[in-house]
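Hello,

Here is the structure I promised to pass on. My notes follow below it, and I would be glad to hear what you make of them.

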Amino acid sequence: MRTQVAIVGAGPAGLMLAHLLSLEGIESIVIESRTRAYVEQRVRAGVLEQGTADLLDATGVGARMRSQGLVHHGIRLRFGGGDHRIDFGALTGGRGIIVYGQQEIVQDLIAIRLSAGHPILFEVSDVRLRDIETPHPSVSFLLDGAAMTIECDAIAGCDGFHGVSRDSIPDGVLTAYEREYPFAWLGILASVAPSSEELIYCYHERGFALLSMRSPTVSRLYLQVPADERIGDWPDARIWEELQTRLAAGAWSLAEGPIIEKGISAMRSFVVEPMQFGRLFLSGDAAHIVPPTGAKGMNLAIRDVSILSDALTAFFRSGDATLLGAYSTSCLRRVWRAQQFSWWMTSMLHRFPDSDAYQARLQLAQLAYTVDSRVACTSLAENYVGYEWATS
Ligand code: RFL
Ligand code: PHB
């Protein structure tokens with residue numbers, strides 16, 4: 001098989017890249033190790049920055065997001081028994097976020113690609129990237145037990161944190177920057193109307209809690225738990241009890257309902273530099289991950305591939321590789337802004353196992369300042385809706 005761009009991974013990054021390239025008339029083949037049903041049902045991110053939503057709209061894949069997504073113009077910070085609103089609309093000149101599940105975007109992108117007759121090969125295995133340092137790279141893999149190879153001009157490594165693309169780059173090329181957190185998030189999806197119109201980020205002495213949602217009838221909630229916690233130790237009743245304790249505020253009450261899915265996710269910050277080697281370009285979680293507290297991971301993945309699509313378009317149109325050469329540098333400024341914001345939100349809102357009473361007072365002081373000072377809450381707001389650089 002031959003194509004212009006081989007895309008490894010059918011998550012938000014790989015599928016959006018395939019979509020953007022097809023709008024420019026550039027051919028690609030997407031390969032994915034999981035089944036279509038698996039990637040369409042995997043529950044992960046839920047918050048789209050304004051710029052991400054605008055890009056989906058502008059490229060013709062935003063219709064369902066516009067009809068089913070929930071537009072929010074603020075979030076709530078809850079701590080010390082009090083509840084405080086951060087008003088994104090007022091602080092960022094009317095910008096906001098859209099709550100729309102990552103798997104819905106994945107479904108929308110798969111539907112548009114398959115309806116145009118462009119290929120996505122699901123359930124591939126033994127994926128290997130070859131000759132990436134040359135102008136003629138290739139990807140080999142097994143599909144239904146048969147060995148296949150895609151010859152191409154460039155490879156996009158969009159295969160997430162555990163994929164093979166990053167490890168295909170020779171030793172010594174990449175520098176990794178990393179931080180592990182001594183806690184994890186236990187996340188549930190529950191069939192119950194959200195008890196708040198806006199997301200609630202809650203600091204509590206027993207640990208962080210977050211109230212989010214997917215629709216007017218489905219709530220998404222998270223609890224900070226120890227890093228080595230097992231989901232088997234969390235029967236539904238224990239989860240609700242802990243959520244009730246941490247989220248409690250005055251007369252407000254948390255409505256409970258049947259839990260339809262639950263799981264535990266590790267928390268990590270990670271970046272590799274550069275995000276490219278030869279004709280291999282890493283995008284999304286393959287190159288960087290953030291703890292979910294800032295809701296940035298999927299947004300970064302979509303921004304990376306928007307930059308990559310522009311660079312590949314210039315390259316295929318005129319042979320000019322300048323933008324391709326600058327790909328990593330162009331992405332990393334935004335990546336590090338999101339790293340710092342996600343680390344900051346995580347540090348402010350979680351209880352660290354080794355922290356003492358002094359540390360807890362510092363966190364409360366930071367939270368109190370963040371909700372009181374217009375400068376401080378503007379900083380949170382402009383990062384949350386997606387910071388746009390004043391200088392290019
Ligand atoms: P993905 O989504 O991991 O997709 C990679 C795809 O590659 C496939 N793959 C392979 N395919 C072929 N060959 C191989 N060898 C392969 N190895 C792997 C995988 O099966 C998969 O389909 O990466 P991508 O596209 O870069 O997208 C990144 C996002 O998924 C991720 O950053 C977000 O989910 C992070 N995240 C959030 N991001 C936000 O922007 N807003 C949020 O509100 C938000 N909340 C979250 C989150 C992540 C969470 N977890 C589970 C870590 C909440 C949570 C709990
Ligand atoms: C979610 O709805 O899944 C969600 C919302 C905000 C976050 C992380 C996850 O910071």
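The buried residues of helix 1 are Pro12, Ala13, Gly14, Leu15, Met16, Leu17, Ala18, His19, Leu20 and Leu21, where buried means under 20% relative accessible area with a 1.4 Å probe and protein chains only, and helices are DSSP runs of H or I with at least four residues, numbered from the N terminus. Because 10 of its 12 residues are buried, helix 1 is largely enclosed by the rest of the structure. Gly25, with a positive phi near 75°, follows helix 1.

Before the ligand, two notes on conventions. This is a predicted model, in which local features need pLDDT of at least 70 and side-chain atom pairs count only at pLDDT 80 or more, while totals for chains, interfaces and linings use all residues. Residues are numbered from 1 along each chain as its sequence is written, chains are lettered from A and ligands numbered from 1 in the order in which they are written, and side-chain values use heavy atoms, with hydrogens and water left out.

Now to ligand 1. Around it are 34 residues, of which Glu32, Arg42, Gln102, Asp285 and Met298 come nearest (a residue counts if one of its heavy atoms lies within 4 Å). Its polar contacts (pairs of N or O atoms within 3.5 Å) include one of 2.6 Å between a ligand oxygen and an N or O atom in the side chain of Glu32. A backbone N or O atom of Val47 is 3.3 Å from an oxygen atom of ligand 1. Helix 8 gives the most to the shell around ligand 1, with 4 residues.

Best wishes

Definitions and conventions:
Polar contact = N/O pair within 3.5 Å; in protein donor to acceptor, adjacent residues only side chain to side chain. Helix = DSSP H or I, 4+ residues; strand = E, 2+ residues; numbered from the N terminus. Buried < 20%, exposed > 50% of the residue type's maximum accessible area, 1.4 Å probe, protein only.
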